[in-house]
Amino acid sequence: MKKKFSLIERAVLCIGIIGVLVGCASSGSPAGGSSSAAGPKIWKNVSIVGGGFVTGIIYNTKQKGLVYARTDIGGAYRWDTQKEEWIPLTDFAGVEDWGRLGIASLATDPVEPNRLILATGMYTNEWDPTNGEMLISEDYGNTFKRVPLPFKLGANMPGRGIGERLAIDPNNNKIVYFGSFGNGLWRSSDYGYTWEEVTSFPTRGNVYDKDFETYCGGFRHFHGIGWVVFDPASGKPGEGSKHIYVGVMDTGATIYESTDGGVSWHPLAGQPYAEAYKPGEAHGHLSENCPCYKYYPIKCTYSPEGAMIISYNAGFGPFSSSYQGGAIWKYTFATKTWTDISLPKHDHDPNRRTDDRGVGSVAVDWQNPQVLVASTLNEWWPDEVLYRSTDGGKTWNPIWRMTTYPNRENYYELDYRLSPWIDWGTEKALPEQNPKLGWMIVDIEIDPFDSNKLLYVTGATIWGSKNLTDWDKGKKVKIEIMAKGIEETAVLDLISPPEGPHLVSGMGDIGGFVHWDLAKAPNMIVDPYISAVNSLDYAGQKPWFMVRMGDGKMGISDDYGLTWKPAHNYIEGADTGWTGSVAVAADASVILWAPGGKDVPVSWSADRGKTWVPAKGIPSNARLAADRVNPARFYAYHEGVFYASTDGAKSFSVVNTQVFAAGKRDAAGKLPKNEKGEELMSASDFTAVLGLEGHLWFAAGNLGLFHSVDGGKNWERIPNVEAASVVGLGKAAPRASYQALYINGKIKGKWGIYQSDDKGKNWTRINDDQHQFGVANTAITGDPRIYGRVYLATNGRGIVYTEGASTTTGAETLAWAQAKIAERTKAGGGPVEERPATDNDCNSLAETLGPVKLVIDRDVSIPSEPPLTGATATVVEFDGQKALKVTANSKGEVRFAYVLEKPITLENLVYLSWKIGGFYGGEGNYNCALIYNEGDAKGRLVSFYLGKIDKNKLVAVKNNIRAHEQWTKNFKKTRELYAIQFWTDNPAKVLYITDLSLKPAE
């Protein structure tokens, strides 16, 4: 429901320091009686460090060390100079006003530095139900007053790095301007507490994002007015500046000037790119190859030499490419002159529309305004480039350059120890490198008080430097992660198993993590890399077995998440978005997967994904859970109906159609609503209880919270809980026999994080109004080993948790798990003793093609090539099955082949599939060939490239190569296949191969 606010300021306390012990909030009193939970807790972040798009860095030019950061979905932060970390300022935003975590612009007062103004609102369309608000602080962001706006803002919309839209007049700080998203230019004359539109301003901007309109329901998001800059020399303190400049995203003039303090406005004379494109028409701008052929002023930086430096780009960011073109221009106020100081052009490429290099942002050194640093905006390949000029932009020096292709010379070094995951767990082939310098660099800033300090934003973090001037001395600039304290991930799922790591997470964009130490960012989970892990589960009786899924992929671990492997096969047609659900039998015998996607069946596998069998009686896109005790029992929910299986997920039956009937959509896809216009079944999160068969808890949004003790046949609605978006379970309270219960819900009209130690009879709110963390409606779980510890998944504020009482360190937990795995391996759960491979080990091929001979150390397709010596093939147990382990010789060479005892005639095209279980060793390529007879000539082959080997990392690659045009040309009915060969072009020390099969194409 849209909230309405009067113009009377509504004070909101928002202490931003996570981990501060807060007092008991009267609005969060227990419902129904007292509980053993102690009330509001200490909340802090699980450490990931960064993880999302930071859209702006804003320094105060009067007070040293005062700098803020704004994000698209994670709120605003202030830098703590002593601890060198960021302090979150907007965690007061909750379920009903989560849009306040979207910071569309930020202004720090250049006269009274204690004052901070935030323009907040996440979306300009209906996704954000609330209008925008100005948040005004007189104490550096420790507390705010809210001022409602009559329109929406777009902090997470296309072009969100444009800015700054907010500007405070340095000659009269009562005067504040704001450039809106298609709703005109607005002005306040009382520090931002009241606002009125500047009706004399000639345009609201006619450019909207065409891609958003096309893919997001036809809504036109206008970029509007992007920035405001004052000329301080045009006025006197207390009287206000006379000369004001405004950048507008329009197909006509894009920069306007006022010389009378904002009374009247006109296009700034001499501005570049002022030629009108279809004047008077709304223009849908394409991020790539837009027909307007126009550069827009997406960023403007004031220079203390008396100028403004304008970053032009053919796109509005954050994803548009630098190769679309752009420029940098300087306008000097006193002389009214324009100077082109653009970055060096790209090497000419006839396939591109321009050689101009698009720019994201330019920083000015206030100690020496002739020193500039600029960033490209999405070079994408091979890397972004930072440039530095010491002569006001006449010449530019890149921070890296190409030498002899593909080599490059870097004049910097990266330190990413704070965020080791930011290399995505891979190495890139030159000229690319991992980590990259960044992407989506929409803002770069030099500390106005220290020429050595630089900060710049990216789509995943903040990088910075403390020795920037070494660039001019021929020394390397150290660039390091400067995002400590910023936690901006969108968290999709959480599990806390009863053994092993305390937390495993699934996230949008960056996959997820296994946390052994909550205070230390780990490496990203790879093998396979899944960009968005939507669902996780573990086996209730064998918690070392875990599964994660998303993007149509699945990863499996049987060692507490220490290592991962892809499922043997994925379900064909699985949706590649942020959808799907997974559940694991209590004894790890069955994986049940609802992969998402239209009409893609929910399927089960008893062999780690070698085969997937559609489950009977359950619709696609169901939400799943497994019983934590009985491995035969699984549960599912879909559109108002609850299902259960008692035969290991082979078949499901409907067990309840009444309780959640409000979850059934009508013909238009709409859910039933209550009298307030809110969806009744606004959530469908359910979980099973450890140690109790058939016990389930279901958070059903505005329907409330429900409990079942018979596997979902009957449900009891928990009194006093008016709404619940997520539900989780943790360790039972002392002297209690039932797991502690946690919800993000509404009790007595108040949303909050609540805990119950007595199955929902009594509740205690364990957060307060200052720590609500946005909508937080994807996952919550208690820790089954630490009473009182609960983990909450947020959309933009990472994972927050309460500490509870723990005496075990992360290192101790990790050591325990490693020892446990070693014991299990020794007992027969891991690799078995190796033995030499024989021809009889090629069973899968033999079943299809007849007897097969294994050949090592020679290339069967090239008889003239000398044989290799020293490579070996042995049989081991790998990934729970028999595998061929091939080890290279002392030179790192290995070739091997399966040779058919009797060549066969292929009656049709063929389908080849295999599982590469793992690579160890050198970087390189791996290849496969089918070798066939043609008349009297042997050795004709068809070769297929499998992919890059990641140096010194275990990689599991699953490949399915179907018949295509090349195969059609080379295979006829008369051709005979006699061998299948594998080889590397760089040494692979050890590799495993399983599941090799060959059959006619389907």
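Me: Is Arg204 buried, partly exposed or exposed?

Reply: Let's start with the general idea: buried means under 20% relative accessible area, exposed means over 50%, and partly exposed lies in between (1.4 Å probe, protein chains only). Arg204 has 39% relative accessibility, so Arg204 counts as partly exposed. One thing to keep in mind is that this is a predicted model, where local features need pLDDT of at least 70, side-chain atom pairs count only at pLDDT 80 or more, and totals for chains, interfaces and linings use all residues. Residues are numbered from 1 along each chain as its sequence is written, and side-chain values use heavy atoms, with hydrogens and water left out.

Me: Which side chain does Arg204 meet in a salt bridge?

Reply: A salt bridge is a side-chain nitrogen of Lys or Arg within 4 Å of a carboxyl oxygen of Asp or Glu. Here the partner of Arg204 is Glu197, at 3.1 Å from N to O. Glu197 is partly exposed because its relative accessibility is 25%.

Me: How many salt bridges does the structure hold?

Reply: There are 34 salt bridges. Lys330 sits in strand 25 (residues 326–332), while Glu305 sits in the loop between strand 23 (296–303) and strand 24 (307–313), so the pair ties together parts that are 25 residues apart in sequence. Strands (E, at least two residues) are DSSP runs, numbered from the N terminus. Lys330 is buried, at 11% relative accessible area, whereas Glu305 is partly exposed at 34%.

Me: Where do Arg608 and Asp558 lie?

Reply: Find this pair by its salt bridge, 3.2 Å from N to O. Arg608 is in the loop between strand 47 (603–605) and strand 48 (613–614), and Asp558 is in the loop between strand 43 (553–557) and strand 44 (565–566), so parts 50 residues apart in sequence are tied together. Arg608 is partly exposed at 24% relative accessibility, and Asp558 is buried at 18%.

Me: Which residues do salt bridges with shared partners join into one network?

Reply: Look for Lys44, Asp783, Arg789 and Glu803, which are joined in this way.

Me: What does the disulfide count come to?

Reply: A disulfide is a pair of cysteine sulfur atoms within 2.5 Å. By this rule the count is zero. Take Cys290: its nearest cysteine sulfur belongs to Cys292 and is 3.6 Å away, and Cys290 is in no disulfide. Cys290 is buried, with 4% relative accessibility, and Cys300 is buried at 10%.

Technical notes
Helix = DSSP H or I, 4+ residues; strand = E, 2+ residues; numbered from the N terminus.
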